[in-house]
Amino acid sequence: MTARTDPKKSVQIAIAGSGLTALVMARALAETGYQVIIFPAESDLAPPPDSRTTTINAAGQRMLDCLGLWQALPKNPTSINPTPINPAPISRIRLAEGSPQRGGWSLDFGDGSSPMAYTAENSALLSACQQQLAGESRVLQAASPLADISWQAGRPVLRDRSGQGWLPDLLVACDGRDSPARRAAGLKIWDRPAGQTALVGRLRLGLPHQDTAWQRFLPGGPLALMPLPENQAAMVWSLPPKEAERLAAGSHQDFETALMEAFGGELGQLRLLDRLAKWPLRPSFVPKRTHPHLILAGDAAHALHPLAGMGFNLALSDVAVLADCLAAAGRRGLAADHASILADYEQKRVVETAALSAVTEGLNRLFSTDLLPLLPVPAKPFARAPMAARPLRARLAGIGMTLLGRSRMRTKLSDIAMGGVLARARLLEGKLPR
Ligand SMILES: Cc1cc2nc3c(=O)[nH]c(=O)nc-3n(C[C@H](O)[C@H](O)[C@H](O)COP(=O)(O)OP(=O)(O)OC[C@H]3O[C@@H](n4cnc5c(N)ncnc54)[C@H](O)[C@@H]3O)c2cc1C
């Protein structure tokens with residue numbers, strides 16, 4: 001049992017979490033002039049390895065560069081990452097509907113030369129953030145992890161593992177999809193399991209990837225290959241959970257056969273380089289991301305289906321917008337929990353969050369026909385579905401994708417994919433908040 005040592009300590013801003021959102025948040029809010037303390041969870045002291053990569057769009061890359069985090073990405077092997085890779089540019093995105101037999105890549109973005117986004121390793125991003133924060137005197141790192149968040153007299157009260165109580169003016173909750181802070185405040189969440197598990201792994205490609213991100217919308221879920229240096233690719237393949245279990249439990253050879261059948265021969269022979277990791281997908285939408293003394297950011301505020309590679313990019317926009325709101329309030333001498341800050345943040349985050357949540361959920365439901373409860377699930381969800389068995393909406397969506405590929409909307413979508421369009425903030429332009 002922990003000893004309770006009141007009185008509580010007052011602090012201007014407390015950040016809950018020590019995932020990617022929390023660490024970038026801490027680094028960015030250091031620029032706002034407010035006093036910041038960051039609290040990890042107990043489980044963060046020995047986190048499980050994260051073999052995922054993240055697609056960082058061009059605006060996100062400018063922001064990380066401006067905060068000194070991009071340059072700090074490790075280039076040398078570490079104990080958690082023995083084979084680091086540099087971020088790889090993505091200068092083209094190619095999308096296809098259905099299996100390889102159904103036809104080619106009907107939607108194509110990017111000019112193939114200027115980067116629209118980059119693929120970076122999650123472990124490398126985390127270690128860059130940790131390194132930068134270690135030398136950041138404007139951010140206090142809590143000596144003891146967070147044990148409990150409660151709501152007392154309309155305010156959040158934090159208690160760390162040593163029993164110390166903390167009373168922040170503003171709690172910035174970056175504590176993930178199941179956010180204890182959001183629950184303590186009683187904020188609503190709309191969610192349902194995607195009915196899919198993502199298989200994540202690194203591949204060696206038989207043919208050059210041409211700095212291109214590839215995605216096939218298959219009946220069981222989307223299959224994405226993101227380019228990595230040395231002609232490798234990061235794979236995220238969303239599948240019905242049983243199918244994902246079966247493939248993950250089988251041999252590398254069986255997996256590669258299934259993968260080739262699903263993706264086709266565009267990139268030559270695909271070889272799996274490491275163990276497959278499984279991520280059950282549970283997208284969520286939080287209709288209101290503020291509450292007196294509380295702001296939600298990152299997956300605590302929205303968890304997206306990974307099909308568009310946008311989840312963390314949305315979190316970067318949260319950080320950039322909040323940094324602007326706080327910097328502006330600081331100049332006016334306002335407290336960190338001033339109602340105008342909360343209102344400003346809420347208003348500036350609603351459009352992008354709602355749009356990307358709807359688009360990712362909609363695309364997944366449109367193309368992943370195995371999610372239709374009344375349709376029989378094919379024995380091999382990645383395999384070719386006969387024309388007659390493909391529901392009308394999937395066929396229409398396929399035609400829509402081809403038409404979109406020929407329309408002017410293509411340029412608009414390409415701009416959105418590069419970031420900084422649906423949300424505007426100084427950091428997304430590569431400038432510090434002020
Ligand atoms: C398979 C997959 C692929 C993806 N690919 C991409 C991609 O290509 N591009 C992209 O932009 N996004 C991608 N995403 C989304 C992206 O990974 C997430 O949006 C991002 O990792 C969220 O980070 P976070 O810090 O908000 O949440 P989390 O990573 O969940 O971190 C939450 C943190 O809060 C801590 N915590 C929990 N409870 C407490 C507590 N009580 N007190 C304090 N701390 C607490 C946790 O320990 C953790 O440190 C992908 C997601 C998946 C599943």
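This is a predicted model: local features need pLDDT of at least 70, side-chain atom pairs count only at pLDDT 80 or more; totals for chains, interfaces and linings use all residues.
Let me begin with the ligand. There are 34 residues around it, and those that come nearest are Gly17, Gly19, Gly176, Gly298 and Gly311. By class, the shell holds 17 nonpolar, 12 polar and 5 charged residues. Which elements supply at least two residues of this shell? They are helix H1 (20–29), strand S3 (53–57), strand S13 (197–204) and helix H7 (311–331). Helix H7 provides the largest share, with 4 residues.

Helix H7 also has a packing partner. Two packed helices are described by the angle between their axes and the distance between the axes. For H7 and helix H8 (residues 339–367), the angle is about 160 degrees and the axes are 9 Å apart. Angles over 145 degrees count as roughly antiparallel, and H7 and H8 are therefore roughly antiparallel to each other. Their crossing is right-handed. On the H7 side, the contact includes Leu314, Val321, Leu322 and Leu326; on the H8 side, Ile341, Tyr345, Arg349 and Leu356 are among the residues involved. By class, this contact comprises 9 nonpolar, 3 polar and 5 charged residues.

An open sheet is formed by 3 strands in the order S12-S19-S22, with antiparallel pairing. Strand S12 (190–191) and strand S22 (302–303) are the edge strands, each pairing on one side only. Strand S19 (residues 284–285) pairs with S22 over 2 bridges. Which residue of S22 is the bridge partner of Phe285? That residue is His302.

Terms used:
Residues are numbered from 1 along each chain as its sequence is written. A residue is near a molecule or strand if its C-beta atom, placed from the backbone, lies within 6 Å of it. Ala, Val, Leu, Ile, Met, Phe, Trp, Tyr, Cys and Pro count as nonpolar, Asp, Glu, Lys and Arg as charged, and the others, Gly among them, as polar. Two strands pair if DSSP finds at least two bridges between them. Axes are lines fitted to C-alpha atoms, for helices over the stretch in contact, and angles run from 0 to 180 degrees between N-to-C directions. Angles under 35 degrees count as roughly parallel, over 145 as roughly antiparallel, 65 to 115 as roughly perpendicular and the rest as oblique. A crossing is left-handed if the near helix is turned anticlockwise from the far one by less than a right angle, and right-handed if clockwise. Two residues are in contact if their C-beta atoms, placed from the backbone, lie within 7 Å.
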